[in-house]
Amino acid sequence: MPRIVLIPGDGVGPEIMESVIPVLEAVADKHGIPLQMEIHEAGDEVKRRRGVALPEETFQAVRRADATLMVAVGETAREVILPIRQELDLYVNLRPAKSYPVPNAVRGFDVTIVRENTEGLYVRSGWTNGDTAVDLRIITKRGSERICRYGYRYAREMAKDRVYAVHKANVLLGCMLFRDVCSSVAGEEGFEFRDMYVDAAAMRLAMDRPFDVIITTNMFGDILADLAAAYIGGLGMYPSGNIGDDNAVFEPVHGTAPDIAGKGVANPMATILSAAMLFRWLGYREAADDLERAVWRACELGYTTPDVGGRMRTWEVSARVRDLLNSGE
Ligand code: ATP
């Protein structure tokens, strides 16, 4: 019986989560998945009330759960997602940027960024004397090996064969190590090794996209993913997963969107698509495909929020997705 933890968080988080729970129930019912859902709190609001952004019971629930779906945490994001990523060793940040039929997306855009999630420039280690600031960028053989292996295996599972390792090995030592490890792993996993410098990859992402999957280090992945978001209609359509060997936390790429919080117009699709990733990761592929199909159909029919050209409210969009799931239309 899969147990999943739900964390609504702050800003648009609670309104999105409230609308999405019936969608999760519908897909679980339809596919006979005996899903157990527990809601837990984390973020700014709980910190204000209880002095801690990630209460111990939330952390333990995430640790014990089969998987977690989180919407967004505000200013305390670092106090929530960073310890979860580190403690549970969620070393993959998987960001599939696929365009759905909304007016502001580029048709046919489909590039997955597989971003290393635990090392690189975001280890938060460095020093400054006021005039000079130094940030350490740590790249290890182990870290590179496991992210590359995940990336090639993911590509095989999803039947994607144009896989590129993206780096800046002409300048950075860490990138040389990353490239060499990726090259060995590609061979072991039966892929032709293809690679590209990150600056060239940014241009090609905007131009002709010779890749289906990009495997890259932490900060390059962060930046390329936001660029990719621009081609799929924005952050409201962009799901992601923080994945380790034994645990995973899925979340939309967007934050708490304070400018629209409480107005009922936040796009729930990124969270619904993150839930589809969660089902796929748990092994429920048909449920995942079904959710993605329902989102596709909803977009085709114009059941969308204003950020992607529609007129519906958050709860209406989620309700239409649920209806499309139930009707199988
Ligand atoms: P945070 O500080 O929590 O990261 P932010 O405003 O800096 O918040 P996002 O929450 O990612 O960053 O929002 C960036 C922009 O995208 C905002 O204009 C926001 O309204 C818009 N946006 C983000 N998520 C959604 C969504 N689900 N639906 C519609 N618009 C969204």
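User: What is the strand order of the open sheet of 10 strands, and which kind of pairing does it have?

Analyst: In this predicted model, the strands of the open sheet follow the order 2-1-3-12-11-4-5-10-8-9, and their pairing is mixed. On average, neighbouring strands are turned by 20° against each other, direction ignored.

User: Why is one side of strand 2 and of strand 9 left without a neighbour in the sheet?

Analyst: Strand 2 (36-39) and strand 9 (195-197) stand at the edges and each has a single partner strand, so one side of each has no neighbour in the sheet.

User: What makes strand 5 and strand 10 a pair, and in which sense do they run?

Analyst: At least two bridges are required for two strands to pair. Strand 5 (residues 110-116) and strand 10 (residues 213-216) have 4 bridges in the parallel sense, and therefore count as paired. Threonine 112, found in strand 5, stands opposite valine 213 in strand 10.

User: How do you know whether threonine 112 is buried or exposed?

Analyst: Buried means under 20% relative accessible area. Threonine 112 has 1% relative accessibility, so it counts as buried. Among the residues that threonine 112 touches are Leu94, Tyr154, Lys160 and Val213.

User: Why is the contact between lysine 160 and aspartate 110 called a salt bridge?

Analyst: The criterion is a side-chain nitrogen of Lys or Arg within 4 Å of a carboxyl oxygen of Asp or Glu. The closest N and O atoms of lysine 160 and aspartate 110 are 3.4 Å apart, so the pair meets the criterion.

User: What makes the burial class of lysine 160 and that of aspartate 110 what they are?

Analyst: Lysine 160 has a relative accessible area of 14%, which is under 20%, so it is buried. Aspartate 110 has 29%, between the limits of 20% and 50%, and is therefore partly exposed.

User: How do you know that glutamate 189 and arginine 149 form a salt bridge?

Analyst: Their closest N and O atoms are 2.7 Å apart, which is within 4 Å, so the pair qualifies as a salt bridge. Glutamate 189 is in the loop between helix 6 (173-188) and strand 9, whereas arginine 149 is in helix 5, 40 residues apart. Both residues are buried.

User: Why is arginine 322 called partly exposed?

Analyst: Arginine 322 has 28% relative accessibility, which falls between 20% and 50%, so it counts as partly exposed. Arginine 322 forms a salt bridge with aspartate 323, with the closest N and O atoms 3.5 Å apart.

Definitions and conventions. Residues are numbered from 1 along each chain as its sequence is written. This is a predicted model: local features need pLDDT of at least 70, side-chain atom pairs count only at pLDDT 80 or more; totals for chains, interfaces and linings use all residues. Side-chain values use heavy atoms; hydrogens and water are left out. Helices (H or I, at least four residues) and strands (E, at least two) are DSSP runs, numbered from the N terminus. Axes are lines fitted to C-alpha atoms, for helices over the stretch in contact, and angles run from 0 to 180 degrees between N-to-C directions. Buried means under 20% relative accessible area, exposed over 50%, partly exposed in between (1.4 Å probe, protein chains only). Contact means heavy atoms within 4.5 Å. Lists of a residue's contacts leave out its neighbours within four places in sequence.
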